[in-house]
Amino acid sequence: MKIRKKILTLFLCTTLAFSFSSCQVQKTTTEAVTKTTAKTTKEEVAEKTTKEETTTAEVTTTTAVKVVEDYAASKVNEQGHVMVVMYHGIMDNPPYHRTKEQFLKDLQYMYDHNYRLISLEEYLSGHITVEGGMTPILLTFDDGLDTTFALKKTADGFDVDENTAIGILEGFLKEHPDFGRHSVLYFHDQTKNFGEVGTDKDRFDWLLEHGYEFGNHTATHDNLGKLSKENVIKEVGRVEKYVRSLYPNMKLTTITYPFGARPNEAYRDAAVKGEYDGVKYDYVVGFREGPSGPFVPVTHNKFQPFNAPRVRGSDGANGDLWWYFDYYEKNPSLKYVSDGNPNTLVVPEKRANTINDYAKENFEVITY
Ligand SMILES: [Zn+2]
């Protein structure tokens with residue numbers, strides 16, 4: 001229930017990228033709402049969802065979302081897998097980095113095979129807004145590199161450096177505006193995250209204004225599996241403190257464990273909930289490095305919030321991105337395929353037993 005409440009709160013913060021102060025207001029409201037009846041909560045969600053759709057439409061200026069009505073013909077399966085891809089920077093250094101050509105090849109494959117980018121908020125709430133028939137995919141970028149994102153100076157301020165991953169993605173979106181402008185950037189606490197052009201605030205402001213989201217990748221990229229509890233708290237808390245120094249109302253919601261390594265089991269929770277130097281952190285999902293389990297969505301009873309899998313953005317080895325592309329071409333029934341309505345959970349009858357309590361409480365479940 002605790003997770004459910006937190007995820008619900010996150011969903012209501014879907015305007016996070018546009019207004020952090022309003023998110024705080026919404027959070028307070030939601031906490032009050034969740035203490036009342038379930039019915040009221042659902043009504044609140046429906047109301048906020050409408051708002052969220054309006055916001056998305058305004059920002060992406062795409063056409064109205066296509067909703068599928070013949071579920072069987074479109075093979076709708078909203079309990080299917082949602083891949084989370086782990087990228088780093090743009091350089092010729094496989095398997096953790098991609099060249100520009102390789103990254104464009106990845107994006108083109110995704111687009112041509114009906115994958116559409118979703119936000120972290122959508123992933124965490126399960127209320128996914130891709131068109132009917134499409135498969136959601138979440139891109140993440142670790143390490144705060146200047147080849148992941150950097151600014152360049154222009155006559156009237158700053159713009160994205162088109163040779164960085166985000167610059168390449170932005171270029172791709174000009175040609176394919178319906179792909180979805182979303183990605184999550186995970187970084188450390190030192191200044192000079194994402195290069196040296198502009199200030200940290202300039203760089204983060206640009207990303208927020210363009211719809212990107214942030215997460216914690218620890219202060220120094222140490223291996224959490226080898227640290228004391230005290231040092232785990234310090235590694236995680238320093239990033240939260242850094243973010244709070246730039247945006248007093250911002251609270252990160254997820255962590256990517258460096259090397260995919262979680263802390264010692266005895267104090268594993270310290271990586272996702274704690275307090276450092278007066279700053280609290282409380283995360284709802286921790287991502288591993290590699291496919292630590294099936295890519296099930298948050299509505300699935302096998303979803304493990306602090307063991308959430310990611311696939312390495314590479315074509316190098318079994319279990320990497322291009323291995324999974326092939327795997328889902330051979331096993332299309334395992335993929336998440338949307339009906340186009342973020343408030344319904346449309347599931348083939350034979351997968352109905354995978355629907356968890358969070359889904360039952362927050363979606364109109366339809367089996368066929
Ligand atoms: Zn890393």
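**Burial, strand pairing and backbone geometry in a predicted model**

Buried residues account for 46% of the 368 residues in the protein chain, as judged from a model that is predicted. The chain contains 11 helices and 14 strands, and among its contacts with a separation of 6 or more, 68% are between residues 24 or more positions apart. The mean pLDDT of the chain is 86, with 82% of the residues at 70 or more. Over residues 1-63, however, the pLDDT is below 50, although this stretch has 64 contacts in the model beyond near neighbours in sequence. Where pLDDT is low, the predicted coordinates should not be read in detail.

The largest nonpolar core comprises 77 residues, of which Val85, Ile137 and Leu185 touch the most other members. In soluble globular proteins, nonpolar side chains tend to be buried together. When neighbours within four places in sequence are left aside, Val85 is in contact with Ile137, Leu139 and Thr140, and also with Arg310, Val311, Gly313 and Leu321.

Helix H5 (residues 100-112) consists of 13 residues and spans 18 Å from its first C-alpha to its last, close to the 18 Å expected at 1.5 Å a residue. Its buried residues are Asp106, Leu107 and Met110. These residues lie on the same side of H5, because they cover an arc of only 90° around the axis. On the other side of the helix, Glu101 and Asp112 are exposed. The cover over the buried residues of H5 includes strand E2 (115-117), strand E3 (135-141), helix H7 (165-175) and helix H10 (321-330). After H5 comes Asn114, which has a positive phi, near 65°.

The loop between strand E1 (83-87) and H5 contains Pro95, and the peptide bond that joins Pro94 and Pro95 is cis, with omega about 0°. Tyr96 is placed in this loop between E1 and H5 as well. Tyr96 counts as partly exposed, because 17 other C-beta atoms lie within 10 Å. Although Tyr96 and Ser314 are 218 residues apart in sequence, their C-alpha atoms are 7.0 Å apart in space.

Two further loops contain residues with a positive phi. Most residues other than glycine have a negative phi, and most peptide bonds are trans. Lys75, which is not a glycine, has a positive phi of about 55°, and its place is in the loop between helix H4 (71-74) and E1. Because Lys75 has 14 C-beta neighbours inside 10 Å, this residue counts as partly exposed. Phe259, also a residue other than glycine, has a positive phi near 60° and is found in the loop between strand E8 (254-256) and strand E9 (273-276). Phe259 has 14 C-beta neighbours inside 10 Å and so counts as partly exposed.

Terms used: Residues numbered from 1 in each chain as written. Predicted model: local features only at pLDDT ≥ 70, side-chain atom pairs only at ≥ 80, totals over all residues. Helix = DSSP H or I, 4+ residues; strand = E, 2+ residues; numbered from the N terminus. Buried ≥ 20, exposed ≤ 12 C-beta atoms within 10 Å, placed from the backbone. Contact = placed C-beta atoms within 7 Å. Expected span 1.5 Å × (residues − 1). Arc of directions from axis to C-beta. Core = buried A, V, L, I, M, F, W, Y, C linked by C-beta atoms within 7 Å. pLDDT = per-residue confidence, 0-100.
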